[in-house]
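These notes are meant for someone opening this entry for the first time. Please read them with the model on screen.

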Amino acid sequence: MGQRRGKIEGNRLLDSTTPILTLSGLCKRFGAVVVADNLELSVGAGEALGILGPNGAGKTSLFGMITGTLRPDAGRIVYDDADISALPPERRCRRGISRSFQVPQPFGGMTVFENLLVAASFGGQLTERAATPRCLEVLERTGLARRANQRAGSLTLLDRKRLELARALATAPRLLLLDEVAGGLTDHECEGLIALIRDVHASGVAIVWIEHVVHALLSVVDRLVVLYGGKFIADGAPRPVIESPAVRELYMGIEADA
Ligand SMILES: Nc1ncnc2c1ncn2[C@@H]1O[C@H](COP(=O)(O)OP(=O)(O)O)[C@@H](O)[C@H]1O
Ligand SMILES: [Mg+2]
């Protein structure tokens with residue numbers, strides 16, 4: 001669970017339920033494939049939100065639209081009370097939105113440490129002098145310290161997943177978007193990653209996590225939405241959502257009204 005302390009900003013009380021991200025009327029289609037059909041979503045500043053949905057539902061596309069690499073056909077994206085819909089990805093990152101990629105995308109020819117320096121300086125806008133201590137801290141935190149001088153292209157899957165998370169953390173995000181970070185890992189490997197994500201959330205970072213590894217998701221998130229056919233077909237506390245007729249029908253072919 002995240003921090004639940006309120007914070008005064010101007011004359012407003014900000015607490016964990018104050019929206020940090022609001023999507024309204026978001027639409028996106030690729031030809032006949034509709035990935036967002038008038039989507040509405042609000043994420044609280046202290047929230048850890050899970051996103052479930054079958055392959056091809058549009059989960060990764062949603063992250064593309066939030067981070068600015070994919071242009072929606074219509075709709076608005078408000079972050080921290082500002083409309084960021086027209087901002088390029090690096091400016092969204094500098095405001096505190098960061099993501100990990102489903103398929104890790106490190107600079108393979110650079111070392112792990114250099115990858116973090118790029119994130120902290122380009123994404124986090126730190127000078128190299130200021131970026132170094134932050135990167136060292138992120139290396140420790142993500143268990144990558146022993147790999148600091150290794151070429152990112154030669155890492156194991158677990159370390160590549162850690163590096164995805166580490167690069168996102170090096171930008172000092174306030175909203176962290178995770179795309180299937182637990183996929184392909186053993187249960188043991190997953191445990192360390194879950195502990196790290198819980199720790200990041202507890203430090204006050206809002207999390208939106210797309211994940212098929214349901215037990216990992218359930219041990220972190222306090223709310224779950226299900227994306228299907230370009231719409232959120234369920235939204236609420238994780239257990240009731242998982243056990244809802246709509247989700248049972250979607251994942252197990254059990255009739256909603258059976
Ligand atoms: N750039 C693109 N051009 C055309 N089709 C795309 C593009 N990106 C995604 N799609 C299609 O949109 C659908 C949703 O993809 P994606 O967002 O990756 O789904 P998910 O992450 O839920 O598996 C898929 O059918 C995919 O093939
Ligand atoms: Mg995806």
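1. Alanine 166 touches Leu116, Val138, Thr142 and Leu144, where residues up to four places away in sequence are not counted and contact means heavy atoms within 4.5 Å. Alanine 166 sits in helix α5; helices here are DSSP runs of H or I with at least four residues, strands are runs of E with at least two, and both are numbered from the N terminus. With a relative accessible area of 0%, alanine 166 is buried. The classes are buried for under 20% relative accessible area, exposed for over 50% and partly exposed in between, using a 1.4 Å probe and protein chains only. Alanine 166 and leucine 116 are 50 residues apart along the chain, and their C-alpha atoms are separated by 7.0 Å.

2. A word on the basis of these values. This is a predicted model, in which local features need pLDDT of at least 70 and side-chain atom pairs count only at pLDDT 80 or more, while totals for chains, interfaces and linings use all residues. Residues are numbered from 1 along each chain as its sequence is written, chains are lettered from A and ligands numbered from 1 in the order in which they are written, and side-chain values use heavy atoms, with hydrogens and water left out.

3. Leucine 163 is also found in helix α5. Leucine 163 counts as buried, at 1% relative accessibility. Its contacts, leaving aside neighbours within four places in sequence, are Pro106, Val112, Asn115, Leu116, Leu144, Ala152 and Leu155. Between leucine 163 and proline 104 there are 59 residues in sequence and 8.2 Å in space, taken C-alpha to C-alpha.

4. The contact between them takes 17 residues from domain 1 and 13 residues from domain 2.

5. Which atoms coordinate the magnesium ion (ligand 2)? They are OG1 of Thr60 and OE1 of Gln102, at 2.1 to 2.2 Å. Donors are N, O and S atoms within 2.8 Å of the metal (3.2 Å for Na, K and Ca), and water is not among the atoms, so sites may look incomplete. The pair links distant parts of the chain, 42 residues apart: threonine 60 belongs to helix α1 (residues 59–67), and glutamine 102 to the loop between β8 (97–99) and α3 (112–123). Threonine 60 is partly exposed at 34% relative accessible area, and glutamine 102 is partly exposed at 32%.

6. Helix α1 is largely enclosed by the rest of the structure, because eight of its nine residues are buried. The buried residues are Lys59, Ser61, Leu62, Phe63, Gly64, Met65, Ile66 and Thr67. Glycine 68 follows α1 and has a positive phi, near 95°.

7. Asparagine 38 is not a glycine, yet has a positive phi of about 65°; asparagine 38 lies in strand β4 (residues 33–44) and is partly exposed, with a relative accessible area of 47%. Glutamine 125 has a positive phi near 60°. Glutamine 125 is in the loop between α3 and α4 (128–141) and is exposed, at 53%.
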